[in-house]
Amino acid sequence: MAFCTFSKEFSSNMFTSVENQFITKYLPQADGDAVRAYLYGLYLCQCADEFDADSCAKLLRIDKKRLVDIFEFWEECDLVQILSRDPLYLQYLPVNAAIGKPKAVRAEKYAEFNRELFKLMQKAQKMLKPYEQQRILEFLENNPMEQQAFLLVTEYCIKKDGDKLSCAHILNKAKKLIEEHKFTYEQVEHDLADFNAHEKEISRIFTLLGIYRKPQESDYDYIDRWNEFGTDIRAVYECAKVLKKGSLSTLDQLVTELHEKDVHTLSETKSYLAKREELSSLVFKIARKLGVKVENPRPFSDSYAEKWTERGYEETGLLLIAGLCFKLHYGFAEMDAMLDSLYAQGIVDGQGLSAFCAEREGQLRVLQRIQAVCGVFKKTQSALDMVATWHEWNFSDEMILEAAKRSASAAAPLSYMNKLLSEWKRAGAYTVKSIPEPSAHAAPAAGYRSEAAAAADKRAEREHYYAVLRQRAIAKAERAAEAAEKDEEYRAADIALKKGEIDLARAEVFAPDTVPEINARLKEYEKQRKAALSRLGLSEADLTPHFTCPKCSDTGFLPDGKPCDCYHPE
């Protein structure tokens, strides 16, 4: 016995704790006297040294036999354990205690419930097995849900699941309602009524999207999400009609897109989706003109097409520009830059775009004729602008081609042409006959090579020399590898060796104890591959290129970018 204790005054001012599980799980199924007796007994456990059952019964105005019956009820619930009945002496147990054998559920308590449940299951052409019936009764015994509320849950599951109805699903649905503190018939009816309303919405959406499975509870989360957006359900139906097929996740992406654009009503949705479809169609048409493959038009619609149409560009004009861009090997980004430039110049209508394209087409033809004389170079916006500038200088195509002929041997033909035409402009020479005699800056005479051209030729010769050396070594190794690959024994050993190397790397991290075994296998595979090569008259060295200069691998330059010893610039 402890050397100290509470005084009676102190004990009377203390609190009696009642576990929440008692309130939610047991209190609803007990009558008032049982609850009073349980709580008073709980109080006596901590503050009364001598207080017998007779005194308790008298104080609570309950018959002594009735008091014993009450605590026998609580013993069935595993909340108390009766140690003696005469005199009555018991001990309280934790609410979640589980002692002794499970007690049988009293059949008379659930007679009416069992009859109603049987009728429902018979109507659904389903029969519960004895252990399933027992699970349901145990659920009702251990949870505060009303019997009629559980029958309502059962009826709902029968309608929803049809042939796939199961006892487990009924219990899971009931448990979920318990977790949400919905115990009474009215609470369950209200929850399922809302659920059924959403079920109609989901059913229509499924039909529009071509989904043939039964709705799952997670599907209804989308309805709640769209309601939070403030999106009209008719607008959601319209989105589903446009998609025609897909999943709820795909539909959610479209509805979210509408929400981000502040589109929520049916009329707004119809207008937005029509515009969206129009932009997507425009993107595909422009992509075909550009020779570009587009799988998802949305990024191109948002970044380009929407901006172009808002600026007043029509489909005909955009396709004209796209055709021009195709000839310049442009994509969407380059086309956008071209349209930005046109918009800055105020060129928006079809007539202005047609004139611009016609002018650019003429410049392209000039560039193609220059290429025929000077060789192939990249057709760029700056090259077209250069041709346009030469025309603005009043030079005819004949004079431009004359400058091209005189610049054919230059390292940068267009730059050299620009210098020549600039000199001719200052000299007022606009015909071939009026071109002044060659000056220090003029194009070189036939047979003469400028220093830049000569240097370029020497550089090309050196690059060609190293390229031939390198390619010769690589080709020899490739021929040897190709011959080895045709041999089945070599190929099998090579594949096994490569796979074994991967296994070794994995084993070194996750299973070090298997490394010796794998290493032994690798050595065996190496022997097999070496034997196959030997039979073919080859060796491992034959499968790798043997370069003339091992330092630079026949490139002329070391890995650090410096010229190799074998590199001779002269």
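Trainee: Where do I start with a predicted model? What is the mean pLDDT of the protein chain?

Mentor: The mean is 81. Of the residues in the chain, 88% reach 70 or more.

Trainee: Over residues 98-102, how many contacts does the model have beyond four places in sequence?

Mentor: The general idea comes before the case. Where pLDDT is low, predicted coordinates should not be read in detail. Residues 98-102 stay under 50, and the model gives them four contacts beyond four places in sequence. Residues 440-449 are also below 50. That stretch has 14 contacts beyond near neighbours in sequence.

Trainee: Now the rings. How is an aromatic pair described?

Mentor: By two values: the distance of the centres and the angle of the planes. The count here is 16 aromatic pairs. One of them joins Phe300 and Phe332, with 4.7 Å from centre to centre and 45° between the planes. That pair is tilted, because an angle must be under 30 degrees for stacked and over 60 for edge-to-face.

Trainee: Which helices hold Phe300 and Phe332?

Mentor: Phe300 is in helix H15 (residues 298-310), and Phe332 is in helix H17 (residues 332-344). The pair therefore ties together parts that are 32 residues apart in sequence.

Trainee: Is Phe332 buried or exposed?

Mentor: Phe332 is buried, at 5% relative accessibility.

Trainee: Which residues do ring pairs link into a cluster?

Mentor: Phe22, Tyr38, Phe73, Trp74 and Tyr92.

Trainee: And charges over rings? Which ring does the charged end of Arg204 sit over?

Mentor: The ring of Tyr237, at 4.3 Å from its centre. A second case is Arg311, which lies over the face of Tyr343, 4.4 Å from the ring centre.

Trainee: A contrast, please. Is Arg479 buried or exposed?

Mentor: Arg479 counts as exposed, at 53% relative accessibility. Its place is in helix H22 (residues 451-485). Asp542 lies 63 residues away along the chain, yet the C-alpha atoms of Arg479 and Asp542 are separated by 9.3 Å.

Key:
Residues numbered from 1 in each chain as written. Predicted model: local features only at pLDDT ≥ 70, side-chain atom pairs only at ≥ 80, totals over all residues. Heavy atoms only, no water. Phe/Tyr/Trp six-rings, centres within 6.5 Å; stacked < 30°, edge-to-face > 60°. Helix = DSSP H or I, 4+ residues; strand = E, 2+ residues; numbered from the N terminus. Buried < 20%, exposed > 50% of the residue type's maximum accessible area, 1.4 Å probe, protein only. Lys NZ or Arg CZ within 6 Å of the ring centre and 35° of its normal. pLDDT = per-residue confidence, 0-100. Contact = heavy atoms within 4.5 Å.
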